[in-house]
Each structure stands twice: as structure tokens, then as C-alpha cells.
Amino acid sequence: MKTYQVNSIGTIRCGAQGTFLCLDKPFIPALLGLEGFSHLQVLWWFSDFDSDPYRTVLQTPQPYKNGPEQMGIFATRSPVRPNPIGLTTVEILHVDAARGLIEIAYIDAHDSSPILDLKPYTPSFDRLDTPRVPAWCAHWPMSLEASETFDWEAEFNF
């Protein structure tokens with residue numbers, strides 16, 4: 001197996017003051033030109049699941065209530081994966097470029113999770129008008145905005 005070196009560019013902070021992407025000082029200049037984007041795609045490390053036993057799991061028993069009895073890990077959004085990389089599209093609330101802080105509305109990462117990369121969300125590359133999904137999850141919301149009020153707890157077996 002070939003390995004690659006990946007370095008953190010910052011840390012996710014979730015707390016009473018809000019949720020922030022905190023960039024390490026050397027990467028703050030990379031925020032130039034981010035003004036005007038409403039959303040970012042955040043690549044982050046599932047650091048709580050970075051161990052050999054988690055990395056060997058390739059299938060999981062029914063994570064979704066309406067899903068198949070057994071699913072391959074690549075058909076899930078599970079943090080347990082061969083490479084524990086998370087990808088979340090987030091809404092930008094405020095950018096403090098001088099301090100390297102991006103306040104975001106929400107992220108499904110834990111506090112202190114390492115940030116691997118940031119990419120601006122652009123509809124011309126990232127939005128699909130007619131995505132297909134299996135029948136068992138076809139009732140899920142078709143947008144991030146609609147997901148905010150959806151009862152996600154009713155969908156999972158954990």
C-alpha cells in the first residue's frame with residue numbers, strides 16, 4: 001500500500017461561542033479571496049477514529065433504519081473508514097482573515113478535529129440538479145438548508 005503525507009492546516013473549534021475553523025498562522029494568507037463565498041467544503045480528519053482497528057472495517061450492519069441489513073463503508077458517511085477523512089459543506093457566517101478564523105453555522109466534526117483543506121463551494125462544480133439515491137434514503141432532504149429541520153435521529157440505528 002502506498003502512503004501519503006497529509007498535514008493539518010488548522011483545528012475545528014466547537015463551543016459556547018460558536019463553531020470556528022481556526023487556521024494555523026502559516027496558512028492564514030490562503031484565505032485571500034474567500035470574501036463573497038457563502039459556503040466552504042471542509043476536509044477534516046476523523047481523529048477520534050484514527051486507529052488500525054477502525055481502518056480495517058469495510059462493512060457495517062445496517063447504520064440507517066431503512067437501509068440494507070449490511071452496507072459497505074463507502075456507501076455510508078461513517079467516521080470508521082480506511083482513511084478517516086471527513087468532508088462537510090458548511091455555511092460561512094464570518095471570516096476574520098487577520099486572525100485566521102472562519103465562523104461557521106455547523107459541522108459534524110468534534111471539537112479539536114484537524115482541518116486538512118478548505119475549498120470554496122461553487123455551484124458550477126459542486127451542485128447537481130438531478131442526483132440519484134437509493135430508494136431507502138429518497139425521502140431525505142435534497143439540500144443542506146432543508147436538512148436543518150429534518151429529524152436525522154429517526155434515520156440512524158446508533
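Biologist: What should I keep in mind about the numbering and the values?

Modeller: Residues are numbered from 1 along each chain as its sequence is written, and side-chain values use heavy atoms, with hydrogens and water left out. Since the model is predicted, local features need pLDDT of at least 70 and side-chain atom pairs count only at pLDDT 80 or more, whereas totals for chains, interfaces and linings use all residues.

Biologist: Why is S113 called buried?

Modeller: Buried means under 20% relative accessible area, exposed over 50%, and partly exposed in between, with a 1.4 Å probe and protein chains only; S113 has a relative accessible area of 3%, so it is buried. S113 lies in the loop between β7 (101-104) and β8 (114-120), where strands (E, at least two residues) and helices (H or I, at least four) are DSSP runs numbered from the N terminus.

Biologist: Which residues is S113 in contact with, leaving aside its neighbours within four places in sequence?

Modeller: Contact means heavy atoms within 4.5 Å, and on that basis S113 is in contact with G10, T11, I12, W44, W45 and S47.

Biologist: What makes the pairing of R55 and D50 a salt bridge?

Modeller: The term requires a side-chain nitrogen of Lys or Arg within 4 Å of a carboxyl oxygen of Asp or Glu, and the closest N and O atoms of R55 and D50 are 3.0 Å apart. R55 has 25% relative accessibility and therefore counts as partly exposed, as does D50 at 37%.

Biologist: Why does R99 count as exposed, and with which residue does it form a salt bridge?

Modeller: R99 has 59% relative accessibility, so it counts as exposed, and it forms a salt bridge with D96, the closest N and O atoms being 3.5 Å apart. Another salt bridge joins the side chains of D129 and R127 at 3.4 Å, N to O; D129, at 62%, counts as exposed, and R127, at 53%, also counts as exposed. The whole structure holds five salt bridges.

Biologist: What makes a set of residues a nonpolar core?

Modeller: Such a core is a set of buried Ala, Val, Leu, Ile, Met, Phe, Trp, Tyr and Cys residues joined through side-chain atoms within 4.5 Å. The largest one has 19 residues, and those with the most contacts inside it are L21, L40, V42, I102, I107 and L118. Two or more residues each come from β2 (18-23), β3 (39-45), β6 (85-96), β7 and β8, with β3 giving the most, three residues. A second, separate core of five residues includes Y64, M71, C137 and W140.
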